[in-house]
Amino acid sequence: MPAKILIPTPLRPYAGKNAEVQVTGSTIAEVMENLTAQHNGLRRHLFTDDGRLRSFVNVYVNEQDIRYLQKEATAISDKDVISIVPSIAGGSPAAAAEPPVKLSNDEVLRYSRHLIMPEVGMEGQLKLKKAKVLLIGTGGLGSPMALYLGAAGVGTIGLVDFDVVDFTNLQRQIAHGTKDVGRPKMESARARLADINPEVKVIGFETRLDSSNAMEILKDFDIVADGTDNFPTRYLVNDASVLLGKPNVYASIFRFEGQASVFGMPDGPCYRCLYPEPPPPGLVPSCAEGGVLGILPGLLGVIQATEVIKLILGAGEPLVNRLLLVDALAMSFRELKLRKNPECPICGPNRTIHKLIDYEQFCGIRGEEFVEEIAVPEITVQELKVRMDRKDDFVLVDVREPHEYQICHLNGTLIPLGDLPSRVHELNSADDIVVHCRSGVRSGKAVDFLRKAGFRKVKNLKGGILAWSDQIDPSVPKY
Ligand code: ZN
């Protein structure tokens, strides 16, 4: 016999736009089966793949919730009115009618170690699936973040990177493999993520993040995680996330030490509250110049990933108003209290920065390039080879560090750049001098210093020992 079913607004597009449908059946199970036979589009909204009524859909017979009656076996008469009442989180009917996020049986199995934890559970796993996290960089910090966030089931991961995989990256950038050398990092990270978890949607931005594209790239993500290795991008990421009101999960690393925090939360500081201005260029060496323990970005990247997951789940105490300092050599974790700076130019009440600026200029990078353009006399590796073969009378000075000399050398006299002022008396300004380092930058500074000290016959080896290895003697290892 026919029963009357009331269709709620969000589901009407799937029931021929009807508010009411007449369906025959003698039990609630039969009625529901016949309803979805008539209107097939309703099925996925009402039932799971294995045929159970979805947990966020309630069915009432008259005023009674069938969960309190005899479930689907409840007998139906033609006087009964059946109401379908889905949970609605507000918003427009169109939004409510979007397919609800749910886990497939494969996903339930994949995430089972999460699902049995009360702190995550089905609710938390669905939050992870709905979350959109943007990783700036797929290098040392970005690699472990991408791998663990992908494995954990974060539904959408954005990756920003324009670099290609270099052989020297492999010591720490574990999203990339030996076979990926020379390949865009975006491609290799994407392939690695697809292997770890094909459920993850990866959105790639193979571009250099800058003031012209940052707002557009960041705007659709819930959380930004900063895996950059340079100050201009770090300030850019901070400012863009503050302007867009998004949490910025931060870490940075150097040699054996790292720091981490969560910036850009309503009740917490931003990166500029902590460091209003960048250090002068050259004061803090980059990883390429100063080195980094390969494990360290793993340690810090996993701390960042942990904070991202906690923010998504709304669980625990986020690293807000706190700066975590990690010293891997001592294996010590210290914590400093941070406070929002009321004078902060971007998150303070009297902010002076209302849109993104030129971050290269802000960090003095352009100025440094200008200084480096002050030319010093140079010699090429080919010219040096000729002079060596002729056994010319000249002094070769190596201004690298002793541990670099151990990796490779050209039999030069070792005087590290920092020791040059106190050891300049060891050199004779009457001699022909060629100065070299790894790439030619430090030796350029040394030549500039020596010329100011009165040395006239001093030249810089262009390209340093790297150029020597490339163009003269490949048996000299590059580092
Ligand atoms: Zn601030």
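1. Burial. A residue is called buried under 20% relative accessible area, exposed over 50%, and partly exposed in between, using a 1.4 Å probe and protein chains only. By that cut-off, 44% of the 479 residues in the chain are buried.

2. Basis. This is a predicted model: local features need pLDDT of at least 70, side-chain atom pairs count only at pLDDT 80 or more, and totals for chains, interfaces and linings use all residues. Residues are numbered from 1 along each chain as its sequence is written, and side-chain values use heavy atoms, with hydrogens and water left out.

3. Overall form. The chain has a radius of gyration of 31 Å, whereas a compact globule of 479 residues would have one near 23 Å. The radius is taken over C-alpha atoms, and the globule rule is 2.2 Å times the number of residues to the power 0.38. The C-alpha trace spans about 115 × 50 × 40 Å along its principal axes. The chain holds 20 helices and 18 strands. These are DSSP runs numbered from the N terminus: helices are H or I with at least four residues, strands E with at least two.

4. Surface and contacts. Of the contacts with a separation of 6 or more, 63% join residues 24 or more positions apart. Contact means heavy atoms within 4.5 Å.

5. Zinc site. The protein donors are the SG atoms of Cys270, Cys273, Cys344 and Cys347, 2.2 to 2.3 Å from the zinc ion. Donors are N, O and S atoms within 2.8 Å of the metal (3.2 Å for Na, K and Ca); water is not among the atoms, so sites may look incomplete. The donor spacing in sequence is C-x2-C-x70-C-x2-C. Angles among the 4 donor atoms run from 94 to 122°, and the site is tetrahedral; for four donors, that label requires all angles between 85 and 135 degrees. Cys270 is buried at 1% relative accessibility. Cys273 is buried too, at 11%.

6. Helix H6. Within residues 121-130, Gly121, Gly124, Gln125, Leu126 and Leu128 are buried. The buried residues of H6 pack against helices H5 (112-115), H7 (142-152) and H13 (295-313).

7. Asn18. This residue sits in the loop between strands E1 (2-6) and E2 (20-24). Asn18 is partly exposed, at 33% relative accessibility. Beyond neighbours within four places in sequence, Asn18 contacts Ile7, Arg12 and His39.

Notes
Four donors count as tetrahedral if all angles lie between 85 and 135 degrees; four count as square planar and six as octahedral if opposite donors are over 155 degrees apart and all others between 65 and 115; anything else is irregular.
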